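Colleague: I am new to this structure. Can you walk me through how to read it?

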Amino acid sequence: MKERVPIRENLFREYADGTLVLLGAKCVNCGHISFPKREFCTECLCTKQEEIELSRCGTLHTFSILRVGDNHFSAPHPIGMVNLPERVRVTAPLVYQAKEDYAIGQTVEVVPDDLWEEEDKIVTGYRFRVVEDTK
């Protein structure tokens with residue numbers, strides 16, 4: 001059996017019910033929120049950061065569909081930039097839709113996903129999927 005490993009440590013938390021949340025950092029000094037978590041605030045340089053769970057839903061800011069595969073993702077491979085309510089923008093793969101009817105402004109939510117396999121490991125991470133058609 002292959003071991004499941006996260007694409008990056010401390011990037012997200014997956015609960016037993018399958019719910020996934022991205023982990024950000026909130027500056028104790030100025031309140032600036034960042035993703036992924038950083039050792040210091042990029043606004044005021046304070047090193048005191050508090051871990052927070054970011055919202056699971058956001059708005060699709062922009063997207064692209066890559067038509068050439070690589071070592072980890074087969075084509076077509078949609079990626080998007082998602083605005084979260086915490087004023088954080090996340091770049092991430094999107095769940096593929098056969099119709100490819102993505103639209104700027106759509107509501108999307110983060111979901112867990114097995115991204116790729118390597119020898120004896122399954123690399124886990126997340127994607128955003130469309131939950132509302134706003135066309």
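Modeller: We will go through the core, the strands and the rings in turn. Keep in mind that this is a predicted model.

Colleague: Let us begin with the core. Which residues have the most contacts inside the largest nonpolar core?

Modeller: The general idea comes first. In soluble globular proteins, nonpolar side chains tend to be buried together. Here the largest nonpolar core has 21 residues. L22, F35, L54, V90, Y126 and F128 have the most contacts inside it.

Colleague: Which elements give two or more residues to this core?

Modeller: They are β3, β6, β7, β8, β9 and β10. The largest share, three residues, comes from β8.

Colleague: Now the strands. In what sense do β6 and β7 pair, and over how many bridges?

Modeller: They pair in the antiparallel sense, over seven bridges. As one example to find on screen, L66 stands opposite H77 in β7.

Colleague: How many bridges join β7 to β8?

Modeller: Six, and these strands also run antiparallel. Look for G80, whose bridge partner in β8 is A92. The hairpin of β7 and β8 has three residues between the strands. In that hairpin, R87 takes a positive phi near 65 degrees.

Colleague: On to the rings. How many aromatic pairs does a search of the whole structure find?

Modeller: It finds four. One of them joins F12 and Y126, edge-to-face, at 6.1 Å centre to centre and 75 degrees between the planes. This pair links distant parts of the chain. F12 is in strand β2 and Y126 in strand β10, 114 residues apart.

Colleague: Is F12 buried or exposed?

Modeller: The cut-off for buried is under 20% relative accessible area. F12 is at 13%, so F12 counts as buried. Y126 is buried too, at 9%. Y126 also forms an edge-to-face pair with F128, at 6.4 Å and 90 degrees between the planes.

Colleague: What is F128 in contact with, leaving aside its neighbours within four places in sequence?

Modeller: Its contacts include L22, V82, V90, A92 and V110. R56 and E109 are also among them. F128 has a relative accessible area of 1%, so this residue is buried.

Colleague: And T124: where does this residue lie, and what does T124 touch?

Modeller: T124 lies in strand β10. T124 is buried, with a relative accessible area of 8%. Beyond residues up to four places away in sequence, T124 touches R4, V5, P6, I7, F12, D113, D114 and L115.

How values were computed:
Residues are numbered from 1 along each chain as its sequence is written. This is a predicted model: local features need pLDDT of at least 70, side-chain atom pairs count only at pLDDT 80 or more; totals for chains, interfaces and linings use all residues. Side-chain values use heavy atoms; hydrogens and water are left out. A nonpolar core is a set of buried Ala, Val, Leu, Ile, Met, Phe, Trp, Tyr and Cys residues joined through side-chain atoms within 4.5 Å. Buried means under 20% relative accessible area, exposed over 50%, partly exposed in between (1.4 Å probe, protein chains only). Helices (H or I, at least four residues) and strands (E, at least two) are DSSP runs, numbered from the N terminus. Contact means heavy atoms within 4.5 Å. Two strands pair if DSSP finds at least two bridges between them. Rings of Phe, Tyr and Trp (its six-membered ring) pair if their centres lie within 6.5 Å; planes under 30 degrees apart count as stacked, over 60 as edge-to-face and the rest as tilted.
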